[in-house]
Amino acid sequence: MEISMPPPQIYVEKTLAIIKPDIVDKEEEIQDIILRSGFTIVQRRKLHLSPEHCSNFYVEQYGKMFFPNLTAYMSSGPLVAMILAKHKAITYWKELLGPSNSLVAKETHPDSLRAIYGTDDLRNALHGSNDFTAAEREIRFMFPKVIVEPIPIGQAAKDYLNLYVTPTLLKGLTELCKQKPRDPFVRNLLYIKKVLSVVVILKHCIF
């Protein structure tokens, strides 16, 4: 009896990278370093967080002495958030960043990004997720619609479908049903066009 084996699951680790407000003007050269280091930039967005959003992002640091200065620094201007993908992306990105204190990085890891672009222990230029749990939470914070692998199953998958996929699919199919040209050839072309549009929208929602 032949046993059908499921196809292998391909999983590439992802991490969150942030170019902080004081060095956003160095974005192009930092992205060049990222790409030359073998990372893929899966998604990127530029945004300006409010102090409240910064407090939520750094909730694990709440209560520490530097917390008010940290939220003030991170909300002082636009920043660039990126999802980076690579085998062992979290570890390799942390190694590329160097120690969190830029002054220490300049002494011990002079070629690291924080040694090159950072100023001190607070203004350390760039952010990287500490571990998988942090990466998952931080990616979802900055990119709410993205799917973080492993692909959700069970209730998490149902929640995602109900929130993002089903409304988009229903809207696209409803518009498709409204258009009924007399010419069957034209009708078929419009059908194909609408289906392709729905597929593109769904791909955007998922990735």
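Helices (H or I, at least four residues) and strands (E, at least two) are DSSP runs, numbered from the N terminus. The structure is a predicted model, in which local features need pLDDT of at least 70 and side-chain atom pairs count only at pLDDT 80 or more, while totals for chains, interfaces and linings use all residues. Residues are numbered from 1 along each chain as its sequence is written, and side-chain values use heavy atoms, with hydrogens and water left out.

**Exercise 1.** Find how many helices and strands the protein has, and state in what order the elements run from the N terminus on.

Solution. Counting the runs gives nine helices and four strands. Read from the N terminus on, the elements follow the order β-α-β-α-α-β-α-α-α-β-α-α-α.

**Exercise 2.** Determine which residues of helix 4 are buried, and how they are placed around its axis.

Solution. Begin with the terms: buried means under 20% relative accessible area, exposed over 50%, and partly exposed in between, with a 1.4 Å probe and protein chains only. By this rule Ala89, Ile90, Trp93 and Leu97 are the buried residues in helix 4. Next, look down the axis of helix 4, taking the arc as that of the directions from the helix axis to the C-beta atoms: the buried residues fall within an arc of 95 degrees, so they line one face of the helix. Finally, just after helix 4, glycine 98 takes a positive phi of about 90 degrees.

**Exercise 3.** Decide whether threonine 15 is buried or exposed, and list which residues it touches.

Solution. Threonine 15 has its place in strand 1, and at 0% relative accessibility it counts as buried. Leaving out residues up to four places away in sequence, threonine 15 touches Met82, Ile83, Leu84, Ala89, Ile90, Trp93, Ser129, Ala135 and Ile139.

**Exercise 4.** Work out what kind of pair tyrosine 62 and phenylalanine 67 make.

Solution. Rings of Phe, Tyr and Trp (its six-membered ring) pair if their centres lie within 6.5 Å, and planes under 30 degrees apart count as stacked, over 60 as edge-to-face and the rest as tilted. The count by this rule comes to four aromatic pairs. For tyrosine 62 and phenylalanine 67 the ring centres are 5.4 Å apart and the planes stand at 80 degrees, so the pair is edge-to-face. Tyrosine 62 counts as exposed at 65% relative accessibility, whereas phenylalanine 67 is buried, with a relative accessible area of 7%.

**Exercise 5.** Identify which residues of helix 3 are buried, and what covers them.

Solution. The buried residues in helix 3 are Phe67, Leu70, Thr71, Tyr73 and Met74. They cover an arc of only 160 degrees around the axis, which puts them on the same side of helix 3. Strand 1, helix 2 (51-57) and strand 3 are among the elements that cover these buried residues of helix 3.

Technical notes. Contact means heavy atoms within 4.5 Å.
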